[in-house]
Amino acid sequence: MTQAYTAAPSRRFPQTSFVREEARRIDERLEATLRMPDVEPTAIVVIAHALPTHGGTMRTPIMAAIARACAERGWYALRFNFRGVGASAGEWTGGRYETDDVEAAVDYARTVAPGLPLGLVGYSFGAFQALAFLARGGHADAVALVGVGTKDVTFAPRALPAIPEGTFIVAAENDQFGTAEELRAAVPHARIATVSDVDHFFVGKRDEVGKLVADELARVLPVPSHLP
């Protein structure tokens, strides 16, 4: 079923003030939603959500903000729920098999937009799953991560996975799971954009996160010529 809605007013992108969103099913098991711009799409972006045991789903406000920012650039935005979350089948495995879900979403995105460049965005738990997908040979044309914590949910230090040189990460200045400065010290080879005066959940600045992510992806993904 297609649900039409009006996006938040945008003086920057008046051409994309109205988009459509469709419920989708990935591999007949993962709940997903595809947001479409009102221009001919030039890319597709897969967006992976945060830890479901702490309220993370594809429908949280930060996920919606990122998807909206991508649609404003003229791209499809595919959000999905990991296994066992929302209407997705299966059981959550704490990261053991969720990388397979990222791969399934990427594969599905390529069938939705064959031949178009693909971006990959992960927030918090989704960021770690995106990194795991890339580490095992997965490919995306552009990558942006948000909320990569240097501490786990118990606030204990955690070992970070391999983060490729130049990876772009949006970090919260006061993230309780590792501040922006702590992340910068841990991965000096990453490109880190700091959002000030917020914690891990970016309350009040989610649109800023969306813009930072979209701006990064637009360094690689094509934007329709009539959009900024």
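This is a predicted model: local features need pLDDT of at least 70, side-chain atom pairs count only at pLDDT 80 or more; totals for chains, interfaces and linings use all residues.
Residues are numbered from 1 along each chain as its sequence is written, and side-chain values use heavy atoms, with hydrogens and water left out. Local features need pLDDT of at least 70 and side-chain atom pairs count only at pLDDT 80 or more, whereas totals for chains, interfaces and linings use all residues.

The chain has 5 helices and 9 strands, taken as DSSP runs (helices H or I, at least four residues; strands E, at least two) and numbered from the N terminus. From the N terminus on, their order is β-β-β-β-α-β-α-β-α-β-β-α-β-α. The radius of gyration of the chain is 16 Å, close to the 17 Å that the globule rule gives for 228 residues, so the chain is as compact as a globular protein of that length; this radius is taken over C-alpha atoms, and the rule is 2.2 Å times the number of residues to the power 0.38.

Buried residues make up 53% of the 228 residues, where buried means under 20% relative accessible area with a 1.4 Å probe, protein chains only. The largest nonpolar core has 41 residues, and those with the most contacts inside it are Ile26, Val46 and Phe80; such a core is a set of buried Ala, Val, Leu, Ile, Met, Phe, Trp, Tyr and Cys residues joined through side-chain atoms within 4.5 Å. Helix 2 gives the most to this core, with 7 residues. Beyond its neighbours within four places in sequence, Phe80 is in contact (heavy atoms within 4.5 Å) with residues including Ile26, Leu30, Val46, Met58 and Val102. A second, separate core of 29 residues includes Ala43, Val209, Val213 and Ala214.

Methods. Buried means under 20% relative accessible area, exposed over 50%, partly exposed in between (1.4 Å probe, protein chains only).
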